[in-house]
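Biologist: I have a model open and would like to learn how to read its features. Could you walk me through a few?

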Amino acid sequence: MRSPWRAMAGNPLRFLLSAWPWRSLAYLLSGLVTGILWTLLAIVLVVVGALLAPVGIGIVLLLCVPLSAIGLGAVDRRRLRLLDARPAPSPHRDPREAGLRPWLRFRLRETATWRELGHAVLAGLLSVVAVMAPLVLFVGGVVQAGAPMLVGHGDQIEYGTAGTVDTSGEAWPVAVFGGLMVVLGFYAMTVAAAARAALDRALLVRPVEEELVAVRASRARMADAFEAERRRIERDLHDGAQQRLTGLIMTLGLARLDGGGAWAAKAQDEARAALEELRDLVRGIHPSVLTDRGLRAAVESLAERSAVPVEVDVDLPGRPPEAIESAAYFVVAEALANVAKHSGASRARVTVRRSRRCLHIEVRDDGTGGAAAHGGGGDGGGDGGDGGGSGLQGLADRVAVYDGTVRLSSPPGGPTILRVEIPCES
């Protein structure tokens, strides 16, 4: 559903024949009704509460005024659907404790409750003006547009000291002017309703920024939980399966020395291969060198295992948080893997720096260039010299958890430069 502002800015005839003016009228009239009803209720609560304040129950009635504004706010958020299809989440949080008294205490301390009370008072004052001004134009225009019909029945239209209209020749210009008033009334109703809806959204709906902060916090918690689980699996594999395989290799070696023959030798080779595969798996889950010695040592380990010679330049004044450090490691790992797969490079360079606010990572290679920001193969990042290079989606998704950014420069002929920035407060 389009917004009323866009509808008014489009085709005027289409707007006048659309449902927008009537939606706007329904929004204004329903707002007037709810505003008047709440105002009457608030006046009764305030007056009776003030009179009964010495008894004690009056205090309870006075506290019901801001609580009643919560109900009005819920109704007005539902009314927003007449003009605005966007979600309108409540700004209220769930109380931590169950029960009526904790709920009341939580609501009366909540900023959103008092914002809704201010909205209720403001809406009660503005509703009459917001409805009456467009309605006067609209109803007056309808009356003026009917002037030829009235005069045709022998009636006379008086305009006070300005004169009277009693002939068809005088009535038609009035009818044209009345038609213009009707059109203007349609536009005025829609403008007033859109302005009222914007005010309601600003005061009654949880801001998008808060939603984004909540989503980011939830996403970061999930990422932290995922990293913790990765470390647990790495520890279990390292302390369990790897140790058992190492013991098995030693036992097979002793059996081979004790005359086990070719079968013992073959079993020992298979166990060594399994151990090497398991170590590669552990490094892919969460390398122990990263946990024990930090990002510099982990990146140097990646460079040593890379099929392309890699120069490492890591200068960190301290260890970043574990989650950021892990994300940076896997960014470098995925980028170097793609350099080896796609770039045709003879050398690569990894640079890691940390400023006050960000961890900066740069992976540069001297390959053929032409890497695609969105491609079909690989793990994301690195070069794509064959034109079907890997995209950056994997890297982007990884660093997006921490509000990081990924930039790629890869002109045909190279060089390819991948820059990643991850917010990391000192």
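Biologist: Leaving aside its neighbours within four places in sequence, which residues is Asp200 in contact with?

Modeller: Contact means heavy atoms within 4.5 Å. Beyond those sequence neighbours, Asp200 touches Tyr27, Arg79, Leu80, His119 and Val205. This is a predicted model, where local features need pLDDT of at least 70, side-chain atom pairs count only at pLDDT 80 or more, and totals for chains, interfaces and linings use all residues. Residues are numbered from 1 along each chain as its sequence is written, and side-chain values use heavy atoms, with hydrogens and water left out.

Biologist: Where is Asp200 found, and is Asp200 buried or exposed?

Modeller: Helices (H or I, at least four residues) and strands (E, at least two) are DSSP runs, numbered from the N terminus. Asp200 belongs to helix α8, residues 168-204. Buried means under 20% relative accessible area, exposed over 50%, and partly exposed in between, using a 1.4 Å probe and protein chains only. Asp200 counts as buried because its relative accessibility is 0%.

Biologist: One of those contacts was Arg79. Where does the charged end of Arg79 sit?

Modeller: A charge sits over a ring if NZ of Lys or CZ of Arg is within 6 Å of the ring centre and within 35 degrees of the ring normal. The charged end of Arg79 is over the ring of Tyr27, 4.3 Å from its centre. Arg23 likewise lies over the face of Trp20, at 5.9 Å from the ring centre.

Biologist: How many aromatic pairs does a search of the whole structure find?

Modeller: Rings of Phe, Tyr and Trp (its six-membered ring) pair if their centres lie within 6.5 Å; planes under 30 degrees apart count as stacked, over 60 as edge-to-face and the rest as tilted. The search finds two such pairs. Trp22 and Phe186 have ring centres 5.4 Å apart and planes at 75°, so they are edge-to-face. This pair links distant parts of the chain, 164 residues apart: Trp22 is in helix α3 (residues 20-51) and Phe186 in helix α8. Tyr329 and Phe330 also form an edge-to-face pair, at 5.1 Å centre to centre with 85° between the planes. Both Tyr329 and Phe330 are buried.

Biologist: And why is strand β4 largely enclosed by the rest of the structure?

Modeller: Strand β4 (residues 348-354) is largely enclosed because five of its seven residues are buried. Two strands pair if DSSP finds at least two bridges between them. Strand β3 (residues 310-315) runs parallel to β4, joined by six bridges, and Val312 has Val350 as its bridge partner in β4. With strand β5 (residues 358-365), β4 pairs in the antiparallel sense over seven bridges.
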